[in-house]
Amino acid sequence: IIKDWLTKPLRDQHVKPKAKATFKCELFRDTPNWKWFKGDSELAPSDKVEINKDGKDVTLTVNNCQPDDVSDYTIEREAEILKPLSSVEVVEKEEANFDTEISEDDVAGEWKLRGQTCDIKSEGRKRFLTLKQVQLDQAGEVSYQALNAGDAVFVTKLQDYTATEKDEVSLDCELSKDVPVVWYYGEKELIASKTVVMRSEATRRSLVLKKVTQSDKGKYTCDCGTDKTSASLNIEARDIKVVRPVYGVELFDGETARFEVEISEDDVHGQWKLNGDVLSPSSDVDIIEEGGKHTLILYNCKVSMTGEVAYAAANAKCSANLKVKELPLNFLTPLSDVQVYEKDEARFEVELSRVPKTFRWLKGSQELQSDDKYQLVQEGGLFVLLVRSAAYDDEAKYMFEAEDKRTAAKLVIQGIRLEFSRPIKDVTVKERETAEFSVELSHDNVSVAWFKNDVRLLPSKVVHMADQGRVHTLAFKEVTIDDTSMIRVEAMDKTLTAMLTVIEGDLYFTTKLQNYTAVERDEVKLVCELSKSVADVKWSKDGTEITPSKNIAISTDGKKRILTVRKAEKANIGEYTCDCGSDKTTARLNIEERDIKVVRPLYSVEVTETETAKFETEISEEDVHGTWKLKGEALLPC
């Protein structure tokens, strides 16, 4: 900050964080009357700040600089009163002399006598005031003030103003510092009253004159002690007439009222009042001025606003009545029947044209209050009744009464709102294991249907279904790869699905050997089937491994394993086992004798000695060898 009493002014400093910043200046002359300021705050020596003076050289050092140290740093000079004023008593028309001495010889000052500023005479540090031909009305306090560097000044001056009689006038100015001021009209100090208001807002000063008249015309001054500003106020009389007066408005609560007036002048601002209160533009008030036409619009009028609407512009005035009537009470939305599922929340709503003076909810003849079961809600003209966790005993006729109006509706419970409390989950199992699906419903005694790839399942040897209260279970026994499928469960109108995935397990027999009874010389095939095509097996009979022979063959057909006995005989009777290592299957083979019948019996033959006797017979089987006997002795070919 550069001062004209510095021979070397201050220079801006730019430093890094935590470094030192040093401000240096040289005074015009060596004087002790100076101070350092950071912004508007006076600085004093501390760990943060070092202040040094060496003759005319003055330094300020800011240690450990931080971002909050950034500011304007100022050095100010002050003058001190070394010799105070002494009171003087003189005779009228004599000369009155006052003198004082200050610490600086080049600092200006002001003399005042009851607010009147006077010229001064200076000799170095001494200041003199001489009043000649003094009058009685000049008796009073004489003061002197040195105008130190940094004293308050008016940065915004008063402006001359021309007003119309009865106007409210505001004379505004602004200071460089927040200091007290004195207002003057001419040479007379003003005192606050009903018509004179003095306002201070920070450094702004205002003088408000209410309902000005011709007597308020003149010069007005604002004096802060170290500076002053003046302006002239001129008062004009205007003859403004009402060309078209305002007319009364009658309407219902909530509607919009519009008032219009026309005056003879285009450049005059008017004022609207409702029941004596000045109106200003807002969300509910519009004030429109179009030349001499002035309009007031009041939105959302209330019954309480009924009263006088007045308009005034200088001497032009008119008024009319605003009458806001209460809306007739009607049901904009009456109650409607409500259907909900058991345990759901039931909601009744009714909307009225206005808020009624009295109202109540009833269930049958019972008046309802807000509690754990019921909640009563009001939002303006909307009224709501909530019935929590509706049950069958809540079914009834519900009524809403408002003043002398009423509306009613019924609550109907239309069943349960079924939900799956615990969903079905995907299941992955190995072959031959048991796959189990389970689901839990929100209600008891509800049947479910299970589906496998959209085909409904029924209980069987491998499909088991169980119900225990709300929990329903489906189980597949001895699953195979082919059982991989989409499983679906249905309960009323609710559906859930899950995936059954069967992965390969240990090798096992999907089709077991079956016990078999054959007849001698029959061909016998013992067949079983594996879960996989490629697998080795061992066949055994009565614990002894079987090896292929002319009469016994072992073969494979895909997953099938086959043991063939070409011509069964009694020796083939026994237990046969097929073993794949991780599983085995066993069956018993039984061989029965063949039932051979005589188709054509023998006949007796009578011959003479040495003749040939021929006997013939026919049996039911072609591949059976018989034995001929003569007198009990077996005969052999010869």
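These legends accompany several close-up views of a predicted model.

**View 1. The largest pocket and its lining.** Welcome to the largest pocket, which has a volume of about 950 Å³. Its lining is made up of 28 residues, and Lys166, Asp167, Glu168, Gln271 and Ala314 are the ones that lie nearest the centre. Four strands each supply at least two residues of this lining: E16 (161-164), E27 (271-274), E31 (307-313) and E32 (316-325). Sorted by class, the lining residues are 11 nonpolar, 6 polar and 11 charged.

**View 2. The second largest pocket.** Here the space amounts to about 430 Å³. Lining this pocket are 20 residues, with Gln13, Phe23, Asp69, Val70 and Ser71 closest to the centre. The lining comprises 11 nonpolar, 4 polar and 5 charged residues.

**View 3. The two faces of strand E2.** Take a look along residues 21-27, which form strand E2. Ala21, Phe23, Cys25 and Leu27 make up the covered face, while Thr22, Lys24 and Glu26 belong to the uncovered one. Strand E2 pairs with strand E6 (residues 57-62) through 6 bridges in the antiparallel sense. Within that pairing, Thr22 has Thr61 of E6 as its bridge partner.

View 4. An unreviewed UniProt entry places the feature "domain: Ig-like" at residues 151-234 and 498-590. Residues 151-234 are 0% helix and 54% strand, with end C-alpha atoms 32 Å apart. For residues 498-590 the figures are 0% helix and 55% strand, and the end C-alpha atoms lie 49 Å apart. Also shown is an open sheet of 5 strands with mixed pairing, in the order E16-E23-E22-E18-E19. E16 and E19 (188-189) are at the edges with a single partner strand each, so one side of each has no neighbour in the sheet. Further in, E18 (residues 182-185) and E22 (residues 218-223) are joined by 4 bridges in the antiparallel sense, and Val182 stands opposite Asp223 of E22.

**View 5. Strand E50 and two of its pairings.** Strand E50 (residues 494-503) runs parallel to strand E43 (residues 427-430), with 4 bridges between them. In this pairing Thr428 stands opposite Thr501 of E50. Strand E49 (residues 485-491), by contrast, runs antiparallel to E50 and is joined to it by 7 bridges. Arg488 has Thr497 in E50 as its bridge partner. In the hairpin of E49 and E50, 2 residues sit between the strands, and Met492 takes a positive phi near 55 degrees.

View 6. The whole structure holds 9 aromatic pairs. One of them is the tilted pair of Trp272 and Tyr311, 4.8 Å centre to centre with 55 degrees between the planes. Trp272 lies in strand E27 and Tyr311 in strand E31, 39 residues apart, so distant parts of the chain are linked by this pair. Trp272 and Tyr311 are both buried. Phe331 and Phe400 form an edge-to-face pair, 6.5 Å centre to centre with 75 degrees between the planes. This pair also bridges distant parts of the chain, with Phe331 in strand E33 (residues 331-333) and Phe400 in strand E40 (residues 397-402), 69 residues apart.

**View 7. An aromatic cluster around the second pair.** Phe331, Phe359, Trp361, Phe383 and Phe400 form one aromatic cluster. Phe331 counts as partly exposed, with a relative accessible area of 22%, whereas Phe400 is buried at 0%.

Key:
Residues are numbered from 1 along each chain as its sequence is written. This is a predicted model: local features need pLDDT of at least 70, side-chain atom pairs count only at pLDDT 80 or more; totals for chains, interfaces and linings use all residues. Side-chain values use heavy atoms; hydrogens and water are left out. On a 1 Å grid over the protein atoms alone, a cavity is a set of points where a 1.4 Å probe fits but cannot get out, and a pocket is an open set with protein on both sides within 12 Å along at least five of seven lines; lining residues have an atom within 4 Å of a point. Grid points are joined across faces, edges and corners, and a volume is the space filled by probe spheres set on the points. Ala, Val, Leu, Ile, Met, Phe, Trp, Tyr, Cys and Pro count as nonpolar, Asp, Glu, Lys and Arg as charged, and the others, Gly among them, as polar. Buried means under 20% relative accessible area, exposed over 50%, partly exposed in between (1.4 Å probe, protein chains only). Two strands pair if DSSP finds at least two bridges between them. UniProt positions are given in the numbering used here, feature names are shortened, and annotations may be inferred rather than shown by experiment. Rings of Phe, Tyr and Trp (its six-membered ring) pair if their centres lie within 6.5 Å; planes under 30 degrees apart count as stacked, over 60 as edge-to-face and the rest as tilted.
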